Amino acid sequence: MHKADAEVLREVQKNSEMAMKAIDHIQDKVYDSKLASTLASQNMKYMKIRNKALKKIIDENAEPFHGTVWQDLMLSSAIHANTIWNTSTSHLAEMLIQGSNRGITHLWKSLNMHGRYADFAVEFAEELIDLEEENIAALRDYL
């Protein structure tokens, strides 16, 4: 596997892991059962994509993404700070939409960095971008 392909797969792994962690942190603050169900479904889809990317990385003997305690702390702190005064369904959906938009941006930046990748790397990234766009559309109903 080329270095650029591994970088794209790591970005897919990282973005899906960050989304799963964000959902885990927000899930405790959700009081709308419909939103809770939507988030549980989204979390499973992120997990599926993350596992696929991680399997491909390991199968190709590449180095997977290793998150740091600092990154986890920053994510949980940001979510906590943004939900101290407002845990409304609308606000939580807005936060998740913003996170999905950041994920899409990071994936496109990763894809545009080198320009040419193996088909499988592009497919993994596009699958996650499609999922993020579907999630944003679903979360708009809660705004």
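Helices here are DSSP runs of H or I with at least four residues, numbered from the N terminus. With that settled, here's a look at this predicted model.

**Overall fold**

The protein has 5 helices and 0 strands, and reading along the sequence gives the pattern α-α-α-α-α. The radius of gyration is 15 Å, close to the 15 Å from the globule rule for 143 residues, so the protein is as compact as a globular protein of that length. As for its extent, the C-alpha trace covers about 45 × 30 × 25 Å along the principal axes. Buried residues account for 40% of the 143 residues.

**A loop residue to look at**

Between helix H2 (33-59) and helix H3 (69-83) runs a loop, and asparagine 61 sits in it. Its backbone is worth a glance: asparagine 61 has a positive phi of about 55 degrees, although it is not a glycine. Is asparagine 61 buried or exposed? Its relative accessible area is 73%, and the cut-off for exposed is over 50%, so asparagine 61 counts as exposed.

**An acidic patch**

Over on the surface, Asp119, Glu123, Glu126, Asp130, Glu133 and Glu134 gather in a patch of negative charge. One of them, glutamate 133, belongs to helix H5 (residues 119-140). Glutamate 133 has 43% relative accessibility, which lies between the 20% and 50% cut-offs, so it is partly exposed.

Here are the two residues side by side:

| Residue | Relative accessibility | Class |
|---|---|---|
| Asparagine 61 | 73% | exposed |
| Glutamate 133 | 43% | partly exposed |

Definitions and conventions
Residues numbered from 1 in each chain as written. Predicted model: local features only at pLDDT ≥ 70, side-chain atom pairs only at ≥ 80, totals over all residues. Heavy atoms only, no water. Patch = residues over 30% accessible without salt bridge, like charges linked within 9 Å, V, L, I, M, F, W, Y side chains within 5 Å. Areas by Shrake-Rupley, 256 points an atom, 1.4 Å probe, with all protein chains shown as cover. Salt bridge = Lys/Arg side-chain N within 4 Å of Asp/Glu carboxyl O. Lys, Arg positive; Asp, Glu negative; His and termini not counted. Charge placed at Lys NZ, Arg CZ, Asp CG, Glu CD. Helix = DSSP H or I, 4+ residues; strand = E, 2+ residues; numbered from the N terminus. Buried < 20%, exposed > 50% of the residue type's maximum accessible area, 1.4 Å probe, protein only. Rg over C-alpha atoms; globule rule 2.2 N^0.38 Å.
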